[in-house]
Amino acid sequence: MSISDSGIGIEPAYLPLLYERFFRGSTQGQGLGIGLAIVKRFCDHYGWGIEVDSTPGQGTTFHIIFN
């Protein structure tokens, strides 16, 4: 399953931190920063994979790989 947006993308420096609880990157003050941590934990629990493709200024796509 893939989920995409055409937003501002994710800076490469933030990619290793995406799944950390309370990490909000460049959107400080928006949201709690727990959504991706919950998704990652869910995927780990069921043995699924999660990958991200992002280009700053062009958007982001998350891929969930069901095994």
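Is threonine 61 buried or exposed? With a relative accessibility of 17%, threonine 61 counts as buried, where buried means under 20% relative accessible area, exposed means over 50%, and partly exposed lies in between (1.4 Å probe, protein chains only). This is a predicted model, in which local features need pLDDT of at least 70 and side-chain atom pairs count only at pLDDT 80 or more, while totals for chains, interfaces and linings use all residues. Residues are numbered from 1 along each chain as its sequence is written, and side-chain values use heavy atoms, with hydrogens and water left out.

**The sheet**

- An open sheet is formed by 3 strands in the order β1-β3-β2, with antiparallel pairing; strands (E, at least two residues) and helices (H or I, at least four) are DSSP runs, numbered from the N terminus.
- The edge strands, β1 (2-5) and β2 (49-55), each pair on one side only; two strands pair if DSSP finds at least two bridges between them.
- On average, neighbouring strands of this sheet are turned by 10° against each other, direction ignored; axes are lines fitted to C-alpha atoms, for helices over the stretch in contact, and angles run from 0 to 180 degrees between N-to-C directions.
- Strand β3 (residues 59-65) is joined to β1 by 4 bridges, and 7 bridges join β2 to β3.
- Phenylalanine 62 of β3 is the bridge partner of isoleucine 3 and also of valine 52.
- Threonine 60 of β3 is the bridge partner of aspartate 5.
- The hairpin of β2 and β3 has 3 residues between the strands, and glycine 57 takes a positive phi near 85° there.

- Strand β3 is mostly covered, as 5 of its 7 residues are buried.
- Threonine 60 is found in β3 and, at 6% relative accessibility, counts as buried.
- The side chains of threonine 60 and serine 54 are joined by a polar contact of 2.8 Å; such a contact is a pair of N or O atoms within 3.5 Å, where within protein one must be able to donate a hydrogen and the other to accept it, and residues adjacent in sequence count only if both atoms are side-chain atoms.
- Neighbours within four places in sequence aside, the residues in contact with threonine 60 include Ile3, Gly9, Ile10 and Val52; contact means heavy atoms within 4.5 Å.
- Threonine 61 also lies in β3, and its side chain makes a polar contact of 2.7 Å with that of serine 4.
- With neighbours within four places in sequence again left aside, threonine 61 is in contact with residues including Ser2, Ile3, Glu51 and Asp53.

**The helix and its salt bridge**

- Helix α1 (residues 35-46) lies across β2 and β3 and runs at about 140° to β2.
- The count comes to 1 salt bridge, defined as a side-chain nitrogen of Lys or Arg within 4 Å of a carboxyl oxygen of Asp or Glu.
- This salt bridge is where the side chains of aspartate 44 and lysine 40 meet (2.8 Å, N to O).
- Aspartate 44 and lysine 40 are 4 residues apart in helix α1, and are therefore separated by about one helical turn.
- Aspartate 44 is partly exposed, with a relative accessible area of 44%, and lysine 40 is partly exposed, with 26%.

**The nonpolar core**

- The largest nonpolar core has 6 residues, namely Ile10, Leu18, Cys43, Ile50, Phe62 and Ile64; a nonpolar core is a set of buried Ala, Val, Leu, Ile, Met, Phe, Trp, Tyr and Cys residues joined through side-chain atoms within 4.5 Å.
- Not counting residues up to four places away in sequence, leucine 18 touches Ile10, Phe23, Leu36, Val52 and Phe62.
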